[in-house]
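Hi everyone, thanks for making time this morning. Let me put the structure up on the screen, and then we can walk through it together.

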Amino acid sequence: MTDEHRKILERINAYAEEVMADIDPQKVQVSVQLDKLRPIMETIAAEMEMSLEDFFILYMDIQSEASCLSDQKLRDELRDLNEGDGAPLLYR
């Protein structure tokens, strides 16, 4: 992930924490969540001179990459914990 992509993700996540603080992402439709994020996405898309649609695709790619990195980090940490004699911690 590039520094530029990391900054974009941090900016969107900070905005999301503000406008969606009272929303449970497990219970609220993704379309509603995206509507809440639309203003920041429009702002960043304009700054990057991209269409909103192209920026959305970029955002989804960045978010997917971040999710994979986070997942791998968790798997690595669990692998370290499972090297002992105790019962293994499982992750799906």
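Let's start with a question: in which hand does H1 pass H2, left or right? Before I answer, please keep in mind that this is a predicted model. The answer is that the crossing of H1 past H2 is right-handed.

Now for the geometry behind that. Two packed helices are described by the angle between their axes and by the distance between those axes. Here, H1 covers residues 3-19 and H2 covers residues 30-47, and they pack at an angle of about 150°, with 9 Å between their axes. That angle makes H1 roughly antiparallel to H2, because the cut-off for that label is anything over 145 degrees.

So who meets whom? On the H1 side we have Ile8, Arg11, Ile12, Tyr15, Ala16 and Val19. Across from them, H2 brings Lys36, Leu37, Pro39, Ile40, Thr43, Ile44 and Glu47.

Before I stop, let me show you one more residue in H2, and that is Gln33. Is Gln33 buried or exposed? Gln33 counts as buried, because its relative accessibility is 15% and the limit is under 20%.

And what does the side chain of Gln33 reach? Another is the backbone oxygen of Pro25, at 3.2 Å. Leaving aside residues up to four places away in sequence, Gln33 touches Met20, Pro25 and Val28.

That's my tour, and I'm happy to take questions!

How values were computed
Residues are numbered from 1 along each chain as its sequence is written. This is a predicted model: local features need pLDDT of at least 70, side-chain atom pairs count only at pLDDT 80 or more; totals for chains, interfaces and linings use all residues. Side-chain values use heavy atoms; hydrogens and water are left out. Axes are lines fitted to C-alpha atoms, for helices over the stretch in contact, and angles run from 0 to 180 degrees between N-to-C directions. Helices (H or I, at least four residues) and strands (E, at least two) are DSSP runs, numbered from the N terminus. Angles under 35 degrees count as roughly parallel, over 145 as roughly antiparallel, 65 to 115 as roughly perpendicular and the rest as oblique. A crossing is left-handed if the near helix is turned anticlockwise from the far one by less than a right angle, and right-handed if clockwise. Contact means heavy atoms within 4.5 Å. Buried means under 20% relative accessible area, exposed over 50%, partly exposed in between (1.4 Å probe, protein chains only). A polar contact is a pair of N or O atoms within 3.5 Å; within protein, one must be able to donate a hydrogen and the other to accept it, and residues adjacent in sequence count only if both atoms are side-chain atoms.
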